[in-house]
Amino acid sequence: MRPPTHILVVNGIKVRQPVFVLAAPHSGSDLLARALKRSPGFHVTMGRASVTHVVYAFARRPSITRRGMGATRVLRDALAESWQIVPGACRECPAPCREAGGVTGEGPCVTSGSVARFGDASPDLIYSASVLLQAFPDARFVQLIRDGRDVAADMMADPAALSWFRPAMLSEETEFPNPFLGVNSGEHGERWKAMPTAGKCALRWRSAVRLSATLHRELPREQLLTLRYEDLAASPAEAAQGLSDFLGTRVSKVALYGRHAPQVGVWHTRLRGTDAELVGKVAREELTRLGYR
């Protein structure tokens, strides 16, 4: 049973049907965040410290999300803080959020009178999906799926993503199963520590798309839209139209592209033979299920 709806008010604006973008790392959530930030009436944040602190706490210790309404209130309050429209608000935003919003100063990037909808596209938000649904029962979720081999290739070139793969991540306090790392049991800890980076990247992608599949089964169609990264690259107009229809607002295909267009098939040139083989082995079941040959 879902908890009673809590009416959150930010800057005098009732938060109704907020939009959350869910994806594995390097799966295109920044592209959708850019498009939504530049759509009329939207105030979308991504990677604000108040939110990421909570998201990663939940990701590393999944049991926190099962402790009644406490987790719900914590995440809702973090988002409320992130969505505040005040002078200097954008000063605390990470570079991707500022670039997506076209911000060159301290902000805010929107005015209260122009905002009707809120959203967030912070990295790894997918691990807090169940809490978000409790906090906002009328929320809309957009999840992105990308070829796991391309994801692994991009993660291996990203120092921030690689920082999560330190052996210290698995300590005596680590909870299992741990979807964030893709480790199902403490018995697999030593194998995970010894696994090459490519395999750890594949585990993270595999775990994220399994969570995406669970959401696809559990959420009604009016609350969840699943898009493929490859479709954003091949047919941006159709992807933008599908997103517009789902959210009931206009999303421009032009806004889907930032400084760089989506890249498809990068793993062919950027994954070495042994790394490509390991990623394919770890992610084979999900790659096949999703139609990636």
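**View 1. The end of helix α11 and the residue that comes after.** In this predicted model, α11 is followed by Gly248, a residue whose phi is positive, near 70°. The helix itself, residues 236–247, has 12 residues and reaches 16 Å from its first C-alpha to its last, which is close to the 16 Å expected at 1.5 Å a residue.

View 2. The buried residues in α11 are Pro236, Ala239, Ala240, Leu243, Ser244, Phe246 and Leu247. They lie on the same side of α11 because they cover an arc of only 165° around the axis. In an α-helix there are 3.6 residues a turn, so residues three or four places apart point the same way. Glu238 and Asp245, which are exposed, are carried on the face of α11 turned away from its buried side.

**View 3. The salt bridge between Arg48 and Glu92.** Arg48 pairs with Glu92 in a salt bridge in which the closest N and O atoms are 3.2 Å apart. This pair links distant parts of the chain, 44 residues apart, with Arg48 in the loop between β4 (42–45) and α2 (49–60) and Glu92 in the loop between α3 (69–82) and α4 (95–100). Arg48 counts as buried because its relative accessibility is 7%, under the 20% cut-off, whereas Glu92, with a relative accessible area of 54%, is exposed.

**View 4. The salt bridge between Glu175 and Arg61.** The side chains of these two residues, Glu175 and Arg61, meet in a salt bridge at 3.6 Å, N to O. Here too the pair links distant parts of the chain, since Glu175 is in the loop between α7 (159–162) and α8 (189–194) while Arg61 is in the loop between α2 and α3, 114 residues apart. Glu175 is buried, its relative accessible area being 17%, and Arg61 is partly exposed, with a relative accessible area of 38%.

View 5. A salt bridge (2.9 Å, N to O) joins the side chains of Glu106 and Arg91. The two residues are 15 residues apart and link distant parts of the chain, Glu106 in the loop between α4 and β5 (117–120) and Arg91 in the loop between α3 and α4. Glu106, at 46% relative accessibility, counts as partly exposed, and Arg91 is exposed, with a relative accessible area of 52%. Elsewhere, salt bridges that share partners join Arg146, Asp154 and Arg270 into one network. The structure as a whole holds 11 salt bridges.

Note on methods
Residues numbered from 1 in each chain as written. Predicted model: local features only at pLDDT ≥ 70, side-chain atom pairs only at ≥ 80, totals over all residues. Heavy atoms only, no water. Salt bridge = Lys/Arg side-chain N within 4 Å of Asp/Glu carboxyl O. Helix = DSSP H or I, 4+ residues; strand = E, 2+ residues; numbered from the N terminus. Buried < 20%, exposed > 50% of the residue type's maximum accessible area, 1.4 Å probe, protein only. Expected span 1.5 Å × (residues − 1). Arc of directions from axis to C-beta.
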